[in-house]
Amino acid sequence: MSQPLADRWRAARPAVAGLHLDSAACSRQSLAALDAAARHARHEAELGGYVAAEAAEPVLDAGRAAVAALFGMPDAEVVFTTGSLQALNLLLDSWPGGRTLACLPGEYGPNLAVMEAHGFTRRLLPVDDDGRLRVEEAGAELAAHPPDLVHLTALASHRGVVQPLAELAQLCTELGVPLIVDAAQALGQIDCAVGADAAYSSSRKWIAGPRGVGVLALRPGLLARLRPRLLLAVSVPGLTAAQRLEFGEANVAARVGFSVALGEHLACGAAAVRARLAEVGALTRTVLAEVAGWRVIEAVEEPSAITTLAAPPGVDVGRVRAALIARHRIVTTAAGPQRAPLEMREAVLRVSPHVDTTAADLAVFAAALTEVTGG
């Protein structure tokens, strides 16, 4: 069942120059998404930028609707952003309430910086040895000492462990605590349709859209509480809260490309894509477990396409990544402790193939990794 999906995904894209195992950083865009963005840029030159933007609204609305569906938030307002970090910044900057926020010890480093910049005090939720939330213990803590907000990164940047997103969403609903979901790595890879109060993501990862664009989805109850503070937007009469959040200069062509990528994702079948990514992740971990000296961190059956590898003693992960590119044209990520500063101590090599990756591809990578490690 997965091979037609893999073939379809591969055929929809330009041929790759080497081996791309870095979808958690930036997936390969399709020809349709590239063409849609290019056509919009041409329309800006032909018609004028603002006229072209008005003409693109049906495509952008379709993109917003796709995001709302994937997040299980049919009543949400969806705001385009420049990416995940801006989405979180907009949300926390507009939050008028108290400043206590519960999150995981493995929280993404830049997210922590945004939280600190907006004066939030962190409360760390309990996790197991894999960094996965302990839902029952978290429920007891949240009930005893409710924070103003709960923030969950559903799938981290530095480790392919899937968090119990649906269980936490149900718990937060029962306790009446707003839940914000960072779905930068989760959207398109795991089921995010849990009806959180707010969720945000980027375009360039598993949905395989352009760089420089993202989304923030807000349910009405939370949106009504926000007070967007952008001065220029405040001076424009008649804007809704969502419009004030989205107000300003924008790369509309990138938003169009993202919307097309979302449509392609839904056309492939979101559940089918998730199943194939889990299958590829298991295959990746099985193959890489045989590479001498490197240790696969995630369990084989973890339903994620992200695999992280701990290096042999004395091996510099950054140098390995660079050598893989220079010698073999294989793209991966060297993930340093700054990605999760409350939890990480050493860098890992992150491998994140998409649905078109084959066992033969992974065998090529394993051989290349052995060669550059020895070299």
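Hi everyone, let's begin with strand 5, residues 149-153, which is mostly covered: five of its five residues are buried. Please keep in mind that this is a predicted model.

Which residues of strand 5 sit on each side? On one side we have L149, H151 and T153, and on the other V150 and L152. Both faces are covered, and these residues are all buried.

Now for the neighbours. Strand 3, residues 100-103, runs parallel to strand 5, and two bridges join them. If you want to find that pairing on your screen, look for L101, whose bridge partner in strand 5 is L149.

Strand 6, residues 179-182, also pairs with strand 5 in the parallel sense, over four bridges. Here you can look for T153, which stands opposite D182 in strand 6. How does the chain get from strand 5 to strand 6? The path goes through helix 8, residues 165-175, and this β-α-β crossover is right-handed.

Let's stay with helix 8 for a moment. Helix 7, residues 135-144, packs against helix 8 at an angle of about 20 degrees, and their axes are 11 Å apart. An angle under 35 degrees counts as roughly parallel, so helix 7 and helix 8 are roughly parallel to each other. The crossing of the two helices is right-handed.

And which residues meet there? From helix 7 come V135, A138, G139, L142 and A143, and they meet E167, L168, L171 and L175 in helix 8.

Terms used:
Residues are numbered from 1 along each chain as its sequence is written. This is a predicted model: local features need pLDDT of at least 70, side-chain atom pairs count only at pLDDT 80 or more; totals for chains, interfaces and linings use all residues. Side-chain values use heavy atoms; hydrogens and water are left out. Buried means under 20% relative accessible area, exposed over 50%, partly exposed in between (1.4 Å probe, protein chains only). Two strands pair if DSSP finds at least two bridges between them. A crossover is right-handed if, with the strands pointing away from the viewer, the path from the first strand over the helix to the second runs clockwise. Axes are lines fitted to C-alpha atoms, for helices over the stretch in contact, and angles run from 0 to 180 degrees between N-to-C directions. Angles under 35 degrees count as roughly parallel, over 145 as roughly antiparallel, 65 to 115 as roughly perpendicular and the rest as oblique. A crossing is left-handed if the near helix is turned anticlockwise from the far one by less than a right angle, and right-handed if clockwise. Contact means heavy atoms within 4.5 Å.
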